Every structure is written in structure tokens, then in C-alpha cells.
Amino acid sequence: MNPDKVKIRVEHLRKDFGKLEVLRDVSAEIREGEVVVIIGPSGSGKSTFLRCLNQLEEATGGTITVDGVVLSDSQKEMNRLRERVGMVFQHFNLFNNMNVLRNLMLAPVDLKKCSREEARERAEKMLERVGLTEKARAYPRELSGGQKQRVAIARALCMKPDIMLFDEPTSALDPEMVGEVLEVMKELAREGMTMVVVTHEMGFAREVADRVLFMDGGLILEEGTPEEIFRHPQNPRTQDFLNKVL
């Protein structure tokens, strides 16, 4: 791990949906092994920013560079990007007609052309990592929300990514299930995974983040260490937001 290496560089990113300007001139850098947590009110552009990083949304303007390669709309390049950048969504997106093991094996077999034996071995290892070995044969409908989200994390890890993006991974969970998902994410952070996390979990941001970005109105209004953002915010909008949520 090289903390001086820039894994993701975003320059002057813009995203419009028709006449609605969601991202306005956003620039940021994420370094190798860094955990960057993005906070801010609903509608501030946080999730759209994350989806642009993985090319799930096509930017209106600006550039995104991952490991020195400027992203384009080339299908080959997007497929290669998605092999290296894992994403975990708010609503799990598991295939309900497949058991947990098959959900985890699907992408490595189809996209990485792994053998079924190799994909199965990897899937079983990732299930063990998230504490769900006993759920390999279960179907998503048989799992709790927290278990589904841990399966979704395991599924992303099966592609052997070196960057993980999390889009409000606990917001659809009952409160008692949040801790089990955050614990898996904390373990990934301890292992040095490069992570960008959009979340409303301020405790997680304080404990795990190397840097916190505060977004509002499609802009990054302030960034700094958790200490700087949570104890000494400088921007009046950051101060107002934190006064309401802490």
C-alpha cells in the first residue's frame, strides 16, 4: 500500500439531469488505502458523485482518472473498471432466484471467466470473511437485511477489487442490523482497502474515516480529518448540518 499514490482523481466533475444541475465543478483525490467518507443532506449530490466514479452515471463534464487511466465511455474500459472497483448499494441488488453462493459466483464466472471451482472457493472464503458461511445455500428471502448487505459486500469482494464504493449501505436496515454491516466495513478499512463511503452514520465517519467530505448543492463545501470536520467545522453550512444531525 502506497499512501502517496492517487487511486482516483476527479477534476471539475459536472452532472446534469436535464435542467437539474446535480454536480457542479467537483474535484477530489482519493489515495491508496484511504477511507473517504462523504456526508451531507439528502439531494446534495453524494450518491450521484459515487455513481459517476463507477460509470453508472455518465458525467456531463470533467474527468475521472482511476490508477492513471482517464475513464471514457468505452465498454471494454468500463468492464475493466468494474472488475477493480466494487460497489455496494443501499438496496442489496441480490438475485432472488439464486442462492447466496450462486449470487457470489455469478460475476467472477461471467466477467472474469473464472472456473466454477475457483469462483466457488473464492465465494466460500468471502462468506467466511463476512461471517455468513452457514448461509451459502440460503436464498435472499431467507436472510435479514443485515445479512443481505453482508452478502452484497462479499459479492463485491469476490471480484478482488482494490477500491470499494459504498452508497448509504446501512440506510435501508433496521437499527439493530446496522452494527453488523459497519463492523465488516471497519475490518476492510483496517486491512487497507481504499474506500469511498456515502453515509449518514456519523459515528462510523468519526471512527474510521481518514478524510471527511461535506457536500451540499452539488459541491464539496468542506473537507478535512474527522477531528477538523466534526469538532471545528469552518463552513457555516457544515456547521448548520452537523448541529442538526449530531
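How many bridges join strand E4 (residues 61-66) to E5? Two, and the strands run antiparallel. The notes below start from that pairing. The model is predicted.

1. **The four-strand sheet.** E4 and E5 belong to an open sheet of four strands, ordered E2-E1-E4-E5. Its pairing is antiparallel. The edges are strand E2 (20-31) and strand E5 (69-70), and each of these pairs on one side only.

2. Helix H1 (residues 46-53) lies across strand E1 (6-17), E2 and E4. Relative to E1, H1 runs at about 120°.

3. **The six-strand sheet.** A further open sheet has six strands in the order E6-E7-E8-E3-E9-E10. Here the pairing is mixed. Strand E6 (85-88) and strand E10 (219-224) are the edges, each pairing on one side only. From one strand to the next, the twist averages 20°.

4. **Parallel pairings around E8.** E7 and E8 run parallel and are joined by five bridges. In that pairing, Leu165 stands opposite Val196 of E8. E3 also pairs with E8 in the parallel sense, over four bridges. There, Val37 stands opposite Val197.

5. E9 and E10 run antiparallel, with five bridges between them. Asp216 stands opposite Leu219 in E10.

6. **How enclosed is E8?** Five of the five residues of E8 are buried, so the rest of the structure largely encloses this strand. Both of its faces are covered. Thr194, Val196 and Val198 are buried on one side, and Met195 and Val197 are buried on the other.

7. H6 lies across strand E3 (35-39), strand E7 (163-167) and strand E8 (194-198). It runs at about 145° to E8. H9 lies across E3, E9 and E10. The angle between H9 and E9 is about 100°.

8. **The largest nonpolar core.** This core has 52 residues. Those with the most contacts inside it are Ile39, Ile153, Met164, Phe166, Met185 and Met195. Helix H6 (residues 175-190) gives the most to the core, with eight residues. Which residues does Met185 touch, leaving aside those up to four places away in sequence? They are Ile153, Phe166, Pro169, Met195, Val197 and Phe204.

9. **The aromatic pair.** The count comes to one aromatic pair. Phe214 and Phe241 form it, with 5.3 Å centre to centre and 45° between the planes, which makes the pair tilted. Phe214 lies in strand E9 (residues 211-216) and Phe241 in helix H9 (residues 236-245), so the contact ties together parts that are 27 residues apart in sequence.

10. **Charges over rings.** The charged end of Lys15 sits over the ring of Phe17, 4.8 Å from the ring centre. Arg141 places its charged end over the ring of Tyr139, 5.0 Å from the centre.

How values were computed. Residues are numbered from 1 along each chain as its sequence is written. This is a predicted model: local features need pLDDT of at least 70, side-chain atom pairs count only at pLDDT 80 or more; totals for chains, interfaces and linings use all residues. Side-chain values use heavy atoms; hydrogens and water are left out. Rings of Phe, Tyr and Trp (its six-membered ring) pair if their centres lie within 6.5 Å; planes under 30 degrees apart count as stacked, over 60 as edge-to-face and the rest as tilted. A charge sits over a ring if NZ of Lys or CZ of Arg is within 6 Å of the ring centre and within 35 degrees of the ring normal. Two strands pair if DSSP finds at least two bridges between them. Contact means heavy atoms within 4.5 Å. Axes are lines fitted to C-alpha atoms, for helices over the stretch in contact, and angles run from 0 to 180 degrees between N-to-C directions. A nonpolar core is a set of buried Ala, Val, Leu, Ile, Met, Phe, Trp, Tyr and Cys residues joined through side-chain atoms within 4.5 Å. Buried means under 20% relative accessible area, exposed over 50%, partly exposed in between (1.4 Å probe, protein chains only).
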